[in-house]
Amino acid sequence: MTCVSQCAKYFLCFFNFVFFIAGGAALTVGIWLFVDRSSFTNLIGKLDQSDFLNQTDADVIQMIAYILILAGALTFIISFLGYCGAMFESRCLLCVYGILILLVLILECVVVGLAFGLKGDVEKGTQDFLKSTIAKYYASSGDKADTVTVAWDGIMSKLHCCGVENFRDFSENRNWTITGKTVPDACCIKENDVLKDPTCPINPTASNSYYQTGCYQAMMTAIEENAAIVIGVAATLVFVEVLVIILALYLACCYWRPQHVLTCWCCC
């Protein structure tokens, strides 16, 4: 085996070992959340001294568990095939691994293509989903703050926005409307973490809040402003996936045993 082949082998082993551990961890956490949510949330609460997950809606926790299980299982299986294929010099496993990574790359390209081709529908669907999280899960008081509430408060405070399109999105939340407030505190302008105008939650204006600025547009603007970083990350991901596919198929060719063919043009 040549130096190039050895480098390719150990790179694939290391790369897939890292993702094998990450996928296994995600799968374990997902199964734990699905089977016994209370013990996991109690453990996290003891570690970070908070009751954050216990306050999170059960449906949200269940959705997170499903996502972790699916993503973890796929990562675990694919990386396992890649690691074993490279370590044990299995041509069959390497071919399957390379094909699976190629399918993932194609799927990513299809998703991006559909996102651009159906931009209007995607934007509307995303906005409708975000609005539903406010209408269904946004809590009306601090002692009931859950994951969705904390996430929305963080987004609105960071991006200086209010709701998906504007403050009217909160009027769809029945639990919110009975409080008498028009907007959450996170929609208001603060100075040293204190409301600039104490009446802002009840009577928001352009001078004391961001009540007319939608978070969806604010997020799109933030993405556009950091387009170079987004493109860089995407390009790096594609490059790594292509590199892994090439290395896997190269090693598969190198491991083609003499009993199958007399010679191999890329044999080591």
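I take a residue as buried under 20% relative accessible area, as exposed over 50%, and as partly exposed in between. With that cut-off in hand I looked up Leu118, which at 43% relative accessibility therefore counts as partly exposed. The model I am reading is a predicted one, and I keep that in mind for every entry below.

**Entry 1, the overall fold.** I began with the secondary structure, which in the protein chain comes to 9 helices and 2 strands. Read along the sequence, I find the pattern α-α-α-α-α-α-α-β-β-α-α. Of the 268 residues in the protein chain, I note that 31% are buried. For the accessible surface I wrote down about 16100 Å², with 68% of this belonging to carbon and sulfur atoms. I also looked up the contacts between residues at least 6 apart in sequence, and 63% of these join residues at least 24 apart.

I turned to the UniProt record, an unreviewed entry, which places the feature "transmembrane region" at residues 12–35, 60–82, 94–118 and 227–252. I checked two of these spans against the model. Residues 12–35 are 100% helix and 0% strand, and their end C-alpha atoms are 34 Å apart. For residues 94–118 I noted 96% helix and 0% strand, with the end C-alpha atoms lying 36 Å apart.

Leu118 belongs to a nonpolar surface patch of about 670 Å², which is made by Ile99, Leu102, Leu103, Ile106, Val110, Leu114, Leu118 and Val122.

Asn173 I located in the loop between α6 and α7 (174–177). Is Asn173 buried or exposed? With a relative accessible area of 1%, Asn173 is buried, and, not counting residues up to four places away in sequence, Asn173 touches Ile134, Ala135 and Tyr138.

Cys215 I found in helix α8, where at 0% relative accessibility this residue counts as buried. Among the residues that Cys215 touches, not counting those up to four places away in sequence, I noted Trp152, Ile155, Met156, Cys161, Cys162, Gly163 and Val164. I then looked at the pair Cys215 and Met156, which are 59 residues apart along the chain and whose C-alpha atoms are separated by 6.8 Å.

How many salt bridges does a search of the whole structure find? I recorded 4 salt bridges, and I followed up on several of them.

The side chains of Lys9 and Glu89 meet in a salt bridge at 3.4 Å, N to O. Lys9 lies in helix α1 (residues 3–35) and Glu89 in the loop between α3 (58–87) and α4, so I read the pair as tying together parts that are 80 residues apart in sequence. Lys9 is buried, with a relative accessible area of 10%, whereas Glu89 is partly exposed, with a relative accessible area of 25%.

I also found Lys124 and Asp128 joined in a salt bridge through their side chains, at 3.0 Å, N to O. These two are 4 residues apart in helix α5, and therefore separated by about one helical turn. Lys124 is exposed, at a relative accessible area of 52%, while Asp128, at 38% relative accessibility, counts as partly exposed.

The side chains of Lys181 and Asp185 likewise meet in a salt bridge, for which I noted 4.0 Å, N to O. Lys181 counts as partly exposed at 33% relative accessibility, and Asp185 is partly exposed with a relative accessible area of 32%.

Technical notes
Residues are numbered from 1 along each chain as its sequence is written. This is a predicted model: local features need pLDDT of at least 70, side-chain atom pairs count only at pLDDT 80 or more; totals for chains, interfaces and linings use all residues. Side-chain values use heavy atoms; hydrogens and water are left out. Patches are made of residues with over 30% relative accessible area and no salt bridge: like charges are joined within 9 Å, nonpolar side chains (Val, Leu, Ile, Met, Phe, Trp, Tyr) within 5 Å. Accessible areas come from the Shrake-Rupley method with a 1.4 Å probe; for residues, only the protein chains shown count as cover. Buried means under 20% relative accessible area, exposed over 50%, partly exposed in between (1.4 Å probe, protein chains only). UniProt positions are given in the numbering used here, feature names are shortened, and annotations may be inferred rather than shown by experiment. Contact means heavy atoms within 4.5 Å.
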